[in-house]
Amino acid sequence: MLSVSQLSIDYGTNRVVSELNLSLEKSEILMLVGPTGCGKSTILQALAGLIPITEGEINLGKWRATPKLTVPPEKRSVGMVFQDFALFPHLTVEQNICFRLKDTAVADHWITLLGLEAFRNKKPSTLSGGQKQRVALARTLAHQPDFVLLDEPLSNLDAALKDMLRWDIRNALKKAGVPAIWVTHDQEEALSIGDRVGILQAGKIQQLDTPEHCFSMPSNRFVARFLGEASFIQGQFNQGIARTDIGNVPAHGVDCEHGDVDVLLRPDDVVLVQGETGNNGVVVWVRFEGGSRLCAVELDCKTQVTSRVSHEVVVNPGDKVHVSLSTSHPLAVYKREQ
Ligand SMILES: Nc1ncnc2c1ncn2[C@@H]1O[C@H](COP(=O)(O)OP(=O)(O)OP(=O)(O)O)[C@@H](O)[C@H]1O
């Protein structure tokens, strides 16, 4: 098990990671997300032993690193996958994967599993970005690391390729049975691929939990907004029910037990209906998403909420609509901001 406790990292006098605590079970994939410059890559580099740590401890059982007790990268049994693939251009796919490998039979296993058989004797320059990343992953896993760090492995690839490859990478990591920390800029990727998600802001973990919990019960408004479309409506919260101008819903207090609150609304919690009477809002903007449309509605009470409707529903800015809340799951509520 990889465990990190009270890890802080400074660049000079600048603290970029503060008091990070996490532990990874066998086969667990932790997705690390956060705004640019929040310290994601710095954490990976510290875990790999590429930069010194200022405080705390990284412990894999086999080794333990502290500010005074350094463990070089080659002794950490860590596999790294980067966005730029880092393959040797003069070696073939097979030679890249087998580089410094004692047991080349393991390489065959990953060549087959990652669909690289046909490219075995090709040089990296003749491969697509997605194929190169498969080679990089096969090389990493063939070395049987104790944990894997992935730094935006899909960021150089186009959207269609990303979607397939992220699942192939996840499946390969699960087959290898190694824990992994995967840094991404893509919130959707984090929520769909991760067993757990860690959301960082300015070097501090804001929440580390299952994707479902982070999305539906964010620890604060920053996490709520970072993980997806979020709007807030004022309400009164009492005995597990939040009462708002557009309906009463089951609710859970994140930072309060009752009183004046802001209720977190995801677009799927808000039902939008076009009708002649009973309208309570005006459509401000509409974004076509393919199978659906995301609509922002300014309510009569002057709050703006978003709702997702089927692509078959044609809505236009300026349309008068009726919106209400419909959820059976509790919505997150936060103490009202003054
Ligand atoms: N070698 C360095 N020397 C000094 N400061 C650095 C160094 N590397 C990174 N930083 C700073 O540390 C902070 C964290 O950087 P880091 O690259 O870890 O962020 P990140 O979350 O990975 O960002 P991005 O999403 O843009 O890749 C930033 O403010 C960055 O400017």
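Throughout these legends, two residues are in contact if their C-beta atoms, placed from the backbone, lie within 7 Å. One thing to keep in mind before zooming in: this is a predicted model.

**View 1. Val-78 and its contacts.** Here we sit in strand β6, residues 78-82, which is where Val-78 belongs. Skip the neighbours within four places in sequence, and Val-78 is in contact with Leu-47, Ala-48, Pro-73, Pro-145, Phe-147 and Leu-149. Is Val-78 buried or exposed? It counts as buried, because 22 C-beta neighbours fall inside 10 Å and the cut-off for buried is 20 or more. For a sense of distance, take Glu-229: it is 151 residues away from Val-78 in sequence, and the two C-alpha atoms are 36 Å apart in space.

**View 2. The whole chain, for orientation.** The C-alpha trace of the protein chain spans about 75 × 45 × 35 Å along its principal axes. There are 8 helices and 20 strands to find in the protein chain. Of its 338 residues, 38% are buried. Look at contacts between residues at least 6 apart in sequence, and 64% of them join residues at least 24 apart.

View 3. Domain 1 comes in two pieces, 2-77 + 145-221, while domain 2 runs over 229-335. Their C-alpha centres lie 34 Å apart. The contact draws on 5 residues from domain 1 and 6 residues from domain 2. On the domain 1 side, the touching residues sort into 2 nonpolar, 2 polar and 1 charged.

**View 4. Around the ligand.** Which residues surround the ligand? The list reads Tyr-11, Val-16, Gly-34, Thr-36, Gly-37, Cys-38, Gly-39, Lys-40, Ser-41 and Thr-42. By class, this shell has 3 nonpolar, 6 polar and 1 charged residues. Helix α1, residues 40-48, is the element that gives the most to the shell, with 3 residues.

**View 5. Strand β12 and its two partners.** Strand β12 covers residues 241-244, and its side chains alternate. With β11 (residues 231-238), β12 pairs in the antiparallel sense over 3 bridges, and Gln-236 stands opposite Arg-243. These two strands form a hairpin with 2 residues between them, and Gln-239 in the turn has a positive phi of about 50°. Next comes β13 (residues 247-253), antiparallel to β12 and joined to it by 4 bridges. Here Ile-241 has Pro-250 of β13 as its bridge partner. A hairpin links β12 and β13 too, through 2 residues.

**View 6. A five-stranded open sheet.** Strands of a sheet pair through backbone hydrogen bonds, either parallel or antiparallel. In what order do the 5 strands of this open sheet come? The order is β15-β19-β16-β17-β18, and the pairing is antiparallel. At the edges are β15 (270-273) and β18 (304-310), each pairing on one side only. From one strand to the next, the twist averages 40°. Zoom in on β16 (residues 281-288) and β17 (residues 292-299), and you'll find an antiparallel pair with 7 bridges.

Technical notes
Residues numbered from 1 in each chain as written. Predicted model: local features only at pLDDT ≥ 70, side-chain atom pairs only at ≥ 80, totals over all residues. Near = placed C-beta within 6 Å. Nonpolar A, V, L, I, M, F, W, Y, C, P; charged D, E, K, R; others polar. Domains from an automatic or database assignment. Buried ≥ 20, exposed ≤ 12 C-beta atoms within 10 Å, placed from the backbone. Pairing = 2+ DSSP bridges. Axes fitted to C-alpha atoms, helices over the stretch in contact; angles between N-to-C directions.
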